[in-house]
Amino acid sequence: MTSTLMWSRRGWLGLALGAAASGCVTAPGASGAASLDSLAKAKGMRFGAAVGRIDLDNAHYLEIVRRECGVVVAENDHKWPIIHPAPGVYNFAPGDRLVDWAERHNIRPRGHNLLWNHPRWIAPWVANYDFGADPRAGAEALLREHITTICTHYGARIHSWDVINESIDEHTGEMRDTVFTRAMGPQVLDFCFHTARDAAPQAMLVYNDYMNWTADSANHRDGVLKLLHGFKDRGVPVDALGLQSHITADPNTDYAAEEAAWRAFLDEVAGMGYQLLVTEFDVNDNNLPSDPATRDRAVADYAKRYLDLTLSYTQVKEVLTWGIEDGRSWLNNFRPRPDGLAKRPLPYDAAYQPKPLREAIADAFRAAPAR
Ligand code: XIL
């Protein structure tokens, strides 16, 4: 495991008005009384969040997730380095803990991910694995075992899988060069989707990536479109595109240009017949001033623009945030603010108080068309 991998790793809690786990809440200052999941459901969607291992020991975190969410996803515990830490060794306990917890609370778990086809994130033992005299056959055997073992373990308990994560290079728009593409060529993705369909016939199969609406993401968007067209042409069983949606609030945004680019992208994806999911939403506030109230307002306004446009596509079926409260955001480690202040990218703050971003998400569900 490389050093960049960090695998280890009641203020306001609302007045529950409804008895159900996804029931209604009243948030002081909030304009409505419904949970994010119930607002999503009213439009034929679901709302959820990523949950990390340490969150399962945090009653405050779990209470918010129980109240707001109809879907959860493991932040790390279904990823290869954790679930398959050595050849032939599977470690299901951490991922099972979240799935068991979700089921006890009537929340649907989704799976992330079967293959993160990105050199930085492939488990070191896999990156150095000897595929033998016939590398294609060796790589296929390893992938088949990995995907089939995990999908069989969970069966119908996981309703959708990110089969492939981040396989397109954001700069070139080409397939990333990994131990698997070297052994199998770009067909590695087709192979994984076919294998996942066989092993998890009931699950929605998703290609998940972080292309977004900014001008510097044009090659990434084009590369993903090319990939999706190829899947269609070859009859590869891919049901949906996961829009990670790690967006960065920028005071100088040219909304007209970004919205036009995003519309063109989503039109083309929808035109091919794919469903859409917002899988990892959060709002990077690096370009915003330090004052928390100013930042929170700008984050919420930027998010609302992005979500209004994205959720206007009735192909979007789920919206998940990458964590629920600021203190646990991966962005604090991966993209620290230049001024060193803690970031505020999520719907709740580190003291478990709802922020304007929570209301922006709620308003976006209210404004979205039914599906
Ligand atoms: C991140 C986790 O949040 C971190 O804890 C971990 O160290 C690295 O991965 N895109 C993805 C997610 O698809 O899996 C990443 O999660 C965030 C970016």
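In which hand, left or right, does H8 pass H9 as the two cross? Keep that in mind while you get set up. What you have open is a predicted model, and this tour takes you through it one selection at a time.

**Stop one: H8 and H9.** Select residues 188-199 for helix H8 and residues 218-234 for helix H9. Their axes come within 11 Å and cross at roughly 60°. That angle makes H8 oblique to H9. Here is the reply to the opening question: the crossing of H8 past H9 is right-handed.

**Stop two: H10 and H11.** Now select residues 255-271, which form helix H10, together with residues 292-311, which form helix H11. These helices pack with their axes 10 Å apart, at an angle of about 30°. Because angles under 35 degrees count as roughly parallel, H10 is roughly parallel to H11. The crossing of H10 and H11 is right-handed.

- Asn76, where a polar side-chain atom lies 3.0 Å from an oxygen atom of the ligand.
- His112, which has a side-chain N or O atom 2.7 Å from a ligand oxygen.
- Gln244, with an N or O atom of its side chain 3.3 Å from an oxygen atom of the ligand.

On its own the ligand would expose 410 Å², and the protein buries 98% of that.

**Stop four: His112 and Asn113.** Is the peptide bond from His112 to Asn113 cis or trans? Look along the backbone: the bond is cis, with omega near -10°. Asn113 belongs to strand S5, which covers residues 108-116.

**Last stop: Asn106.** The backbone is the thing to look at: phi of Asn106 is near 65°, a positive value in a residue other than glycine.

Note on methods:
Residues are numbered from 1 along each chain as its sequence is written. This is a predicted model: local features need pLDDT of at least 70, side-chain atom pairs count only at pLDDT 80 or more; totals for chains, interfaces and linings use all residues. Side-chain values use heavy atoms; hydrogens and water are left out. A polar contact is a pair of N or O atoms within 3.5 Å; within protein, one must be able to donate a hydrogen and the other to accept it, and residues adjacent in sequence count only if both atoms are side-chain atoms. Accessible areas come from the Shrake-Rupley method with a 1.4 Å probe; for residues, only the protein chains shown count as cover. Axes are lines fitted to C-alpha atoms, for helices over the stretch in contact, and angles run from 0 to 180 degrees between N-to-C directions. Helices (H or I, at least four residues) and strands (E, at least two) are DSSP runs, numbered from the N terminus. Angles under 35 degrees count as roughly parallel, over 145 as roughly antiparallel, 65 to 115 as roughly perpendicular and the rest as oblique. A crossing is left-handed if the near helix is turned anticlockwise from the far one by less than a right angle, and right-handed if clockwise.
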